[in-house]
Amino acid sequence: MSNRNKKLAIFKRFADNFKIVAANPYYNWEAPLPEIAYLCPICFNFFNKCSSNQEGQNYLTFEHLPPKKLGGKPDILTCRNCNGLHSLNDRELSREVKLLSFLRNDVGSKLRDIDIQAGDKRFRTTIEKEADSKLKFTLKNQTELLQLVELINNEKDFKFGGDKADPRSVQLAILKSAYLLAFKKFGYGYILHSSFNPIREQLLNPNTEVLPSLGVLFGNNSKGIFVVTNPIHARSLYINFELKISSGSFFAGALIPTPSTNVIDFYQQIKPMTEGKSQITLINIHNQKYLSDKHSVFYHFDLKQYFKDS
Ligand SMILES: [Zn+2]
């Protein structure tokens, strides 16, 4: 499928979903609604077509979930402005994954722009992990390489330096992908609820602390959307996804509450879980036609159906 047709197909899928959701009396729209509408899931601006109209105007763009560099697919559309807001965070997430892969000794994992301090000399290098935990150093030129070899032979002390990825940026990138993956699965029936405003406000203002925590958890290796049944204060949806680079892959995910929850209280209560090791119990989410069936567009509002036995 060409990019244009793919974009059109996504546009139509969600514009149709919006029509079903908007027709439900649950939402009381004050302003008359456009006939065809795709709302950017982050800023809620309306778009009535998926291409750009004029120079300088905001328009819909492919959003890769997770970021493209980490194996993401262009599954939904966000507006150009919102898409650009998180490019820095996505880059930090990509850096973090590369570092984790390197620390795990994945063959082929690489760290670029690492400074080696040896004696009073400093070298900028790329370090690659080879089989049997061997390290391959790539330097700028042969002179530097020979200098480094000489320092190694003289058994000088070495120090390695490189910037660590910014932890908050990493978490913001994960929360954004999780929120948008929830949108991809559940559509507007899920995200249009006003209780999600703080999440969107956080995504629109990445440099401001709107949410008390970002709900990010690592270390669960199942991919998909789950219902968290325990602990009780963390009952929510858990959106977990794979971050792939050429040397290996990792999983990351974020907790997103259901629409009837007080979002700020929720992220406050789960804050300790996201800072340390946490145990959560997950169950699979029911399979429904969340986007296209008018009886299912609000189905996930009530998670009680999942907690009958607990
Ligand atoms: Zn937007």
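I began with strand S10 (residues 224-230) and strand S11 (residues 236-245), which pair in the antiparallel sense over five bridges. The model I am reading is a predicted one. Within this pair I looked up Val227 and found Leu237 of S11 standing opposite.

Next I traced the sheet that holds the pair. I read five strands in an open sheet, ordered S9-S12-S11-S10-S13, with antiparallel pairing. I noted the edges: strand S9 (216-218) and strand S13 (281-284) each have a single partner strand, so one side of each is left without a neighbour in the sheet. From one strand to the next I get an average twist of 35°.

Which helices lie across these strands? I found helix H3 (residues 87-103) across S11 and strand S12 (248-256), and its angle to S11 is about 70°. Helix H5 (residues 167-186) lies across S9, S10, S11 and S12. For H5 I took the angle to S12, which is also given as about 70°.

Then I turned to the whole protein. I count nine helices and 13 strands in its secondary structure. The C-alpha trace spans about 80 × 55 × 35 Å along its principal axes. I looked up burial as well: of the 310 residues, 33% are buried.

Last, I checked how far apart in sequence the contacting residues are. Taking contacts between residues at least 6 apart in sequence, I find that 63% join residues at least 24 apart.

Key: Residues are numbered from 1 along each chain as its sequence is written. This is a predicted model: local features need pLDDT of at least 70, side-chain atom pairs count only at pLDDT 80 or more; totals for chains, interfaces and linings use all residues. Two strands pair if DSSP finds at least two bridges between them. Helices (H or I, at least four residues) and strands (E, at least two) are DSSP runs, numbered from the N terminus. Axes are lines fitted to C-alpha atoms, for helices over the stretch in contact, and angles run from 0 to 180 degrees between N-to-C directions. Two residues are in contact if their C-beta atoms, placed from the backbone, lie within 7 Å. A residue is buried if 20 or more other C-beta atoms lie within 10 Å of its own, exposed if 12 or fewer, and partly exposed in between; C-beta atoms are placed from the backbone.
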